[in-house]
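Here is a friendly walk through one protein and its ligand. Please keep the sequence and the 3D view at hand while you read.

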Amino acid sequence: MARAYNFNAGPAAIPLEVLQQAQEQFVDYHGAGMSIMEMSHRSPLYEGVNNEAQTLMRELFGIPDNYKVLFLQGGASTQFAMLPMNLLRPGHPAAYVQTGAWADKAIKEAKLIGDTVIAASTASDSFMRMPSLSEIEVPAGASYLHLTSNETIGGTQFHEFPSTGDVPLIADMSSDILSRPIDISQFGAIYAGAQKNLGPSGVTVVIIREDLVKEGSKSIPAMFRYETHAKADSLYNTPPSFAVYMVTLVLKWIKARGGVAQMEQYNRDKTKLIYDAIDQSGGYYRGCAQPQSRSLMNITFRLGNEELEKQFIKESEQLGFVGLKGHRDVGGLRASTYNAVPLESCQALTQFMTDFQKRNG
Ligand SMILES: *Cc1c(COP(=O)(O)O)cnc(C)c1O
């Protein structure tokens, strides 16, 4: 079997070892005579999976004890609404850093719930950079400050985070969670859909400081209240059990490779290959994101014209590359190099970029 060079933006590559292990356990999980999908979420075997997902997440990401780790459904998009439902207090606007398509979606949802302010925006630079920390104005008394640590579509990433004092800092880390070590204590809450860096779609991780869990008003419907899920250890209702199980396998895979710091080094090695190929092409390839904001997860770049870009995608597909077409909002090309994308795929891509330039330069 030939594995594709998978550069999909999401759902995205999952480590081959993880897929194979899941395959081995698919029909009969630990001698239960059934798959993980067929058993009660109240059974000891599934509780083991649920606990392991949480324990590994805490261990690998260095999550302090005063934070809850929740496994929810509805994707990161549901968090765009759930977060302000729980944390946006009347008279205390929620501040948002506007950095691109995903931040915009989060802002749109928060506006349905309460008052928002824009703490910084890079719209005038077509979102091709992240704001510097000094550009971010945190209003005193804000309910929270929300940012998108990695803008998956534009290909920009925060490389450091603002100090927000008493205002909780909230991050959408859907496309870079566990790709690098983070000081969790800087954050009030972090959320991420699993389908980019953690496993399959269907589960969303929320890491939230305990005092913020309690803030949610009792008038919020139960499923949308963080407290409901925190109290029930993410087993209030039927969880996406297969997706959570897959996340545990991905977390074990990260652990076996040395942990998150090792992942970051690996990601740096991978993206350096591709950014170098762009920068050393004499302008044949042009990176979209400004260099200081370049993402280690989504590399956006362009060719001289759209005709060439189409040609690039067509030829790359013939050679087994998948997912290199840029998002329709930005156009051009995008290579997503999440944790599970092997170095070999990135080497193959840079080789293809060099060959393509020779043939069409
Ligand atoms: C993919 C993505 C989302 C949306 O996630 P869903 O799980 O599809 O709702 C939100 N934010 C960012 C940064 C993303 O990359």
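Predicted model: local features only at pLDDT ≥ 70, side-chain atom pairs only at ≥ 80, totals over all residues.

Residues are numbered from 1 along each chain as its sequence is written, and side-chain values use heavy atoms, with hydrogens and water left out.

## Around the ligand

The ligand has 13 residues around it, and Ser 77, Thr 152, Asp 172, Gln 195 and Lys 196 come nearest; a residue is near if one of its heavy atoms lies within 4 Å. Sorted by class, this shell holds three nonpolar, eight polar and two charged residues. In that sorting, Ala, Val, Leu, Ile, Met, Phe, Trp, Tyr, Cys and Pro are nonpolar, Asp, Glu, Lys and Arg are charged, and the others, Gly among them, are polar. Helix H3 (residues 75-87) supplies the largest share of the shell, four residues; helices (H or I, at least four residues) and strands (E, at least two) are DSSP runs numbered from the N terminus.

| Side chain | Ligand atom | Distance |
|---|---|---|
| Asp 172 | nitrogen | 2.6 Å |
| Gln 195 | oxygen | 2.9 Å |
| Lys 196 | oxygen | 2.7 Å |

The protein covers 88% of the 390 Å² of accessible area that the ligand has on its own, with areas computed by the Shrake-Rupley method with a 1.4 Å probe.

## Two annotated residues

Lys 196 sits in the loop between strand E9 (189-193) and strand E10 (204-209). UniProt, in an unreviewed entry, places the feature "modified residue: N6-(pyridoxal phosphate)lysine" at Lys 196; such annotations may be inferred rather than shown by experiment. Is Lys 196 buried or exposed? Lys 196 is buried, because its relative accessible area is 12%, and buried means under 20%, exposed over 50% and partly exposed in between (1.4 Å probe, protein chains only). Not counting residues up to four places away in sequence, Lys 196 touches Ala 9, Gly 10, Ala 12, Thr 152, Ser 174, Ser 175 and Tyr 338, where contact means heavy atoms within 4.5 Å.

Arg 42 carries the UniProt feature "binding site", again from an unreviewed entry. Arg 42 is found in the loop between helix H1 (16-25) and helix H2 (44-61), and at 45% relative accessibility it counts as partly exposed. Its side chain makes a polar contact with the side chain of His 41 (3.4 Å). A polar contact is a pair of N or O atoms within 3.5 Å; within protein, one must be able to donate a hydrogen and the other to accept it, and residues adjacent in sequence count only if both atoms are side-chain atoms. Leaving out residues up to four places away in sequence, Arg 42 touches Glu 47, Leu 235 and Tyr 236.

## Two buried residues

Glu 151 lies in strand E6 (residues 150-151) and is buried, with a relative accessible area of 1%. A polar contact of 2.8 Å joins its side chain to that of Thr 99. Beyond four places in sequence, the contacts of Glu 151 include Trp 102, Met 130 and Asn 298.

Thr 248, in helix H7 (residues 241-256), is buried too, at 2% relative accessible area. Aside from neighbours within four places in sequence, Thr 248 is in contact with Val 49, Glu 52, Ala 53 and Leu 56.
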